[in-house]
Amino acid sequence: MNRYISAMIIATLTGQATQAQTLQLAPRLVVNITIDQLRNDYIEHYSPLYTQNGFKKLLQQGCVYEAASYPVEPVDRASAIATIATGTTPFYHNIIGIKWLDRKTLRPVFCIDDAQYKTSPGKLSTSTISDELKVSSNGSSIVVGIAPQRDMAVLSAGHAADGAVWIDDKTGNWATSSYYSDKAQKWLNAYRSTKPRPDQKPAGMNDAVSNLAIDYLKDNAMGRDDVTDYLAITLSAANSNNTNWRVDFENIYRRLDNTLASLITGIEQNVGADKVLFVLTSTGYAEDPKVDYAKYRIPTGNFFINRAANLLNMYLGAIYGQGRYVETCYLNQIYLNRKLIEDKLISFDDIISRSKAFLVQIAGIRTVCESPYNPSISGDLVIEVSPGWQLINEDNHDNYIARASFVPFPIILYGAGVKPQRITTPVTVDRIAPTIAKAIQIRAPNACKSAPLQ
């Protein structure tokens, strides 16, 4: 009997040990790579030019979600990065664009400008995946964001980051903010004193970001212990040259592949290929070069939003009495004078309804809706311009050509036990944050309602 009991105990303990060994440990390092304006069609088109350790490694050895999109439109690079980091939409995280209009001053504000620190994530109103990592590790996780532009570096790093590093527009050198830790600032000062200034061309900036990321990882021992660290990196696949776009994009994707190969190899050699989770996706939006559609007899036109705002003001004045009912317009949004409307005891819903009915009659307007964003930081009416038409604001010189086409891009998970597979089911990028949270066994960001990808 005793031998039987002993055998049962040994079998039970052995089973528990085997089960414990099969449990997936959290990766020591998460590398969240966002590539501005990366596109599926270009990734595939230039694939014969790739090395074995860049795009090919990710596509062949990673879990590839082929049909990714954003849960709201339109997005720009700032709102895209914030959505990836927070796992929610601009309605909650409040980053509705690179710039928006301050309702108090009626002046544009930059998304990461800060009165105290000059640059900070203070306008980001929810937690990010890296913030939750800091909370769960009691501050011991190392978190840093590195990007060519400061808005992408700061927003990808989150509130609790040790540091964020970007290339300064004025000096052309690496920069950070006093918002971040003294240790990170001192490291950057030392780095700048020993390294040349980053190349200002897009491909050169990608290499510079990659090299700095690897050096930061080495010098700060990221991924060296059992506490998960977080490295947010932003690269670019944008093309600012419209002279020979075929050759330009070929060079961009070929160089980007080399950058990814160097980055992935460098990180895996320092941390261990099985201890790193790479997540790669795109900002999704495309800054297309301006096209003269009229030259090719494609339907087009000019929509002047400042003139539409003035016409709307006269229309409302004819109905409700003289007054400045429209305060201003910015990008594709119209801001109403809420105080005047309240003082006149006019139904705000009535004004919105009448305004929408009036504006949709103007040529070039596809539809008009109420703002999907927080009303404290956005206009009251959002105008969707007809595809192919150019929106022009003669007051502040804003102009862009409207598009309604979908730009396909992927979400790729690679490393840390991820099984290679291709998934064609459409997914949205707000599911990246809860997916990372599940992988590193922490809570998702505090406004994230989306389910993990796997």
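Reader: Which strands does helix 13 lie across, and at what angle does it run to strand 15?

Author: Strand 14, strand 15 and strand 16; helix 13 (residues 348-359) runs at about 170° to strand 15. Axes here are lines fitted to C-alpha atoms, for helices over the stretch in contact, with angles from 0 to 180 degrees between N-to-C directions. Helices (H or I, at least four residues) and strands (E, at least two) are DSSP runs, numbered from the N terminus. Residues are numbered from 1 along each chain as its sequence is written. Mind that this is a predicted model, where local features need pLDDT of at least 70.

Reader: What is the order of the strands in the open sheet?

Author: In general, strands of a sheet pair through backbone hydrogen bonds, either parallel or antiparallel. Here the 4 strands go 13-14-16-15, with antiparallel pairing (a pair needs at least two DSSP bridges). Strand 13 (326-330) and strand 15 (365-370) sit at the edges with a single partner strand each, so one side of each lacks a neighbour in the sheet. On average, neighbouring strands are turned by 20° against each other, direction ignored.

Reader: How many bridges join strand 15 to strand 16?

Author: There are 5, and the two strands run antiparallel. E370, for one, stands opposite L381 in strand 16. Helix 11 (residues 305-320) packs on this sheet too, touching strand 13, strand 14 (333-336) and strand 16 (contact means heavy atoms within 4.5 Å).

Reader: And which residues of helix 9 are buried?

Author: An α-helix has 3.6 residues a turn, so residues three or four places apart point the same way. In helix 9, the buried ones include G204, A208, L212 and Y216 (under 20% relative accessible area, 1.4 Å probe, protein chains only).

Technical notes: This is a predicted model: local features need pLDDT of at least 70, side-chain atom pairs count only at pLDDT 80 or more; totals for chains, interfaces and linings use all residues. Side-chain values use heavy atoms; hydrogens and water are left out. Buried means under 20% relative accessible area, exposed over 50%, partly exposed in between (1.4 Å probe, protein chains only).
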